[in-house]
Amino acid sequence: MSDAPARPGADPTPADPGTTAGSTAGSTAGRDAGSAAGDWRLARPEAHAPGMPLVTVIGDGQLARMTQQAGIELGLTVRLLAAAPDASAAQATGDVVLGDYTDPAHVRAVAADAAAVTFDHEHVPNEILDELIADGVNVQPQPSALINAQDKLVMRRRLRELGAPVPPFLDITSVEDATGFHDAVDGAVCLKARRGGYDGKGVWFPEGREETASLVADLLEQGVPLMAEKKVTLVRELSAMVARRPSGESVAWPVVESVQRDGVCAEAVAPAPCDGSDGARAVLRDAEALAVDVARELGVTGVLAVELFETTDDAGQPQIIVNELAMRPHNTGHWTQDGCVTSQFEQHLRAVLDRPLGSTALTAPVTVMANVLGGATDPATPLPERMDEVWRRFPGARIHVYGKEWRPGRKLGHVTMTLPVGVAGGGVVPSPERGAGETTGPSEEQVATLRAQARLAAGYLVDAEWEDGWAPE
Ligand SMILES: Nc1ncnc2c1ncn2[C@@H]1O[C@H](COP(=O)(O)OP(=O)(O)O)[C@@H](O)[C@H]1O
Ligand SMILES: [Mg+2]
């Protein structure tokens, strides 16, 4: 999971790049508001568009913020359950209920009158959602699907049952389980917290039998439910995204390459670069079909992201393995805001309301998204000045800011850059029917240039320095 929700009263972890505005996670405002129903800022009927459906989003991070933006364009009302009034999404929403998503009364209150209830994170306890459903609330996705995004072991078992490609894995309840697994996979161990991890927190790669044993002993002692899986040799990471309606229609986006740094998404390239070979094309086609199958088999509604590893099989052919699932808009889908007919945020709203889904045709032959992750220090140059500098150098850069306070490693925003239609030449667009009217796609060099530019722009927003030393004339 790429975004950590905050709860009123919960201690924010120091490097938490999560979804709630920096100083306010666990702030007095959030805690007081959450603890006394009389203090809640109640739903604001005057913020509702007459005759239009209300969608409740549980969560207050950047994903909810950008969903709100899509809701505005569609004339929908998006109501939030937020931990704090100045959380990323709460800043931008007219109808905010302050509360705690683990408190059944708060969740029930925010769900009242909603045409659909959905989420920007996976952490609402399923018992609460079951109660809502029993009360007749339309919860999308449903807990029976959501459990596969909440618990990595449940997900691994279910996907194996479905015949989806997963690495060897094991439930770890003792040190002996872990050392046995270590031996079985020749030391290639990836240890994971079954629940609650995000941005690589909750993922460990212990070196050797002893380190595996001591790490597992520590974590079990702390009460962390664990699983282990084989550490995969990655060629690259991919993300296959699909949206599905409760009545069954589903639409996939082209598969994206995602670059993770220290367990955090740093960059996404859409569509995933493809050398045009049969093997490479087959991998992307299979990945897309897999996402559609998983959405259907698990009964996922709304947006599903299937995080994938590309590796090679024994014969050296490209092969995909599922990493994990997210059932909400996803960081690797942000490119759809600027490079696709229908953004993931709009599509999620349409899907959870069971309304016709939008085209996933590309509006640019390639789109690169680079995350703005808080640097080691907060630069003296104010953010608006940094944005101006980026726009001066790259007028095509689209900057998305989440309204969150700086913290090292925190997701503060992202930049997308697209290759203008008509500029591309050479190469092949993997799915020509989606290809912005083009039959040829961008060259490797064009993609590399765009990636470099997006990285430079995001880097400047992080530390007010051009990594390549560029200076205006
Ligand atoms: N089995 C594995 N083999 C190799 N790398 C892995 C494995 N599992 C996870 N990773 C790396 O760690 C990152 C985070 O793991 P993930 O399970 O997606 O956790 P999170 O919930 O924090 O996103 C992945 O994107 C990948 O880079
Ligand atoms: Mg992940």
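Modeller: Helices H3 and H4 cross in a right-handed way; a crossing is right-handed if the near helix is turned clockwise from the far one by less than a right angle, and left-handed if anticlockwise. Helices (H or I, at least four residues) and strands (E, at least two) are DSSP runs, numbered from the N terminus. This is a predicted model, in which local features need pLDDT of at least 70 and side-chain atom pairs count only at pLDDT 80 or more, while totals for chains, interfaces and linings use all residues. Residues are numbered from 1 along each chain as its sequence is written, and chains are lettered from A and ligands numbered from 1 in the order in which they are written.

Biologist: At what angle do the axes of H3 and H4 cross?

Modeller: Axes are lines fitted to C-alpha atoms, for helices over the stretch in contact, and angles run from 0 to 180 degrees between N-to-C directions. The axes of H3 (residues 104-111) and H4 (residues 126-134) cross at roughly 40 degrees and come within 10 Å. The two helices are therefore oblique to each other (under 35 degrees is roughly parallel, over 145 roughly antiparallel, 65 to 115 roughly perpendicular, and the rest oblique).

Biologist: Which residues make the contact between H3 and H4?

Modeller: H3 contributes Pro104, Val107, Arg108 and Ala111, and H4 contributes Ile128, Glu131 and Leu132. Two residues are in contact if their C-beta atoms, placed from the backbone, lie within 7 Å. The H3 and H4 contact has five nonpolar, two charged and no polar residues (Ala, Val, Leu, Ile, Met, Phe, Trp, Tyr, Cys and Pro are nonpolar, Asp, Glu, Lys and Arg charged, the others, Gly among them, polar).

Biologist: Which residues of H3 are buried?

Modeller: They are His106, Val107, Val110 and Ala111. A residue is buried if 20 or more other C-beta atoms lie within 10 Å of its own, exposed if 12 or fewer, and partly exposed in between, with C-beta atoms placed from the backbone. Seen down the axis of H3, its buried residues fall within an arc of 130 degrees, so they line one face of the helix; the arc is that of the directions from the helix axis to the C-beta atoms.

Biologist: How do H12 and H13 run relative to each other?

Modeller: The axes of H12 (residues 383-393) and H13 (residues 444-463) come within 8 Å and cross at roughly 160 degrees. That makes H12 roughly antiparallel to H13. Their crossing is right-handed. Arg386, Met387, Glu389 and Val390 of H12 meet Ala457, Tyr460 and Leu461 of H13.

Biologist: Is Ser258 buried or exposed?

Modeller: Ser258 counts as buried, because 26 C-beta neighbours lie inside 10 Å. Ser258 sits in strand S11 (residues 256-261). Leaving out residues up to four places away in sequence, Ser258 touches Glu237, Leu238, Ser239, Cys265, Ala268 and Thr332.

Biologist: What is the phi of Asp262?

Modeller: The phi of Asp262 is positive, about 50 degrees, although Asp262 is not a glycine. Asp262 is in the loop between S11 and S12. With 9 other C-beta atoms within 10 Å, Asp262 is exposed.
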